[in-house]
Amino acid sequence: MPRFLLLVLAALPFAGCINIRTAQELQTPQALQQSADLAEQLLSLLPAEQAATPEARQEARALADAAYRGSAAIARINRPLFPCWLNNRIINSPFRLRDRGLCWQWQEDLFRELRRTPTSFFRLGCCVRDAGNRHEHHAVYLAPAGAEWPCVRVLDAWRYQGHLAVLTPLEVAEDEWVDEPQTAQWLGAYFPEGHSLPMEQWARVRSDNRWNYREYFPISDRRGQNTKQYREMTQRIREGLQQRNGKPTDY
């Protein structure tokens, strides 16, 4: 039996043992405090005179709330397996048992959710760690508008499968994260600031080619629109909008 299958069979009894937060669980005092703490961390990145304004505080609270709620909603939609390495192994295998849940897909999904909030004091970006090797990892970040890297808070929804991890500038520097401006620019074209696209809409879908099972296409590409995963995405969009009475989000 291939080693990959042995790993999967050994890990399956423990897979999925993670609490995916419901909308109600995000209203508990502990969850609300996490969001409030992130908002204060974001404000700490701003000059004191800006951070004290009601407009900046409102924007920070809206972004922090969207980060936690969006991370949980992505997990509820994609139903990731835990631990993360098992989820990635299954997605990146030729068996195609799962199509979504890689860190860069979480990055794109959380970028989409955060772009719903128009910003004046902060900017949304993308970053990568260990680019080019097998440990490569992607996330998003929030930074003061006009600030230089790494004056940021990195937001990693993948690490704990929907339970948001927040990294400080010191942790960002120690782990050698780097900015990904091209990715942010590309995703910004798909998800314009203040958009109202449904949360089931992705930026890329997987090729149906079983001989190139790690090939993905943008949803604007005709090749992407002819894939099984694109049809799955459009079906999810229809079902999600029906459940939410036509609203793009209902965390």
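**Exercise 1.** Which residue stands opposite Leu124 in E2?

*Solution.* The model is a predicted one, in which local features need pLDDT of at least 70, side-chain atom pairs count only at pLDDT 80 or more, and totals for chains, interfaces and linings use all residues. Residues are numbered from 1 along each chain as its sequence is written, and side-chain values use heavy atoms, with hydrogens and water left out. Begin with the strands, which are DSSP runs of at least two residues, numbered from the N terminus. Strand E1 covers residues 122–129 and pairs with E2 in the antiparallel sense over 8 bridges, where pairing requires that DSSP finds at least two bridges between two strands. Within E2, the residue opposite Leu124 is Leu142.

**Exercise 2.** Describe how strand E2 is covered and what lies beside it.

*Solution.* Strand E2, residues 137–144, is mostly covered, since 8 of its 8 residues are buried, that is, under 20% relative accessible area with a 1.4 Å probe and protein chains only. E2 also pairs with strand E3 (residues 153–156), again in the antiparallel sense, over 3 bridges, and the partner of Val140 in E3 is Leu155.

**Exercise 3.** In what order do the 5 strands form the open sheet, and which strands stand at its edges?

*Solution.* The order is E4-E3-E2-E1-E5, with antiparallel pairing. Strand E4 (165–167) and strand E5 (177–179) stand at the edges, and each has a single partner strand, so one side of each is left without a neighbour in the sheet. For E4, the link to E3 consists of 3 bridges, and Val154 stands opposite Leu167 in E4.

Technical notes:
Buried < 20%, exposed > 50% of the residue type's maximum accessible area, 1.4 Å probe, protein only. Helix = DSSP H or I, 4+ residues; strand = E, 2+ residues; numbered from the N terminus.
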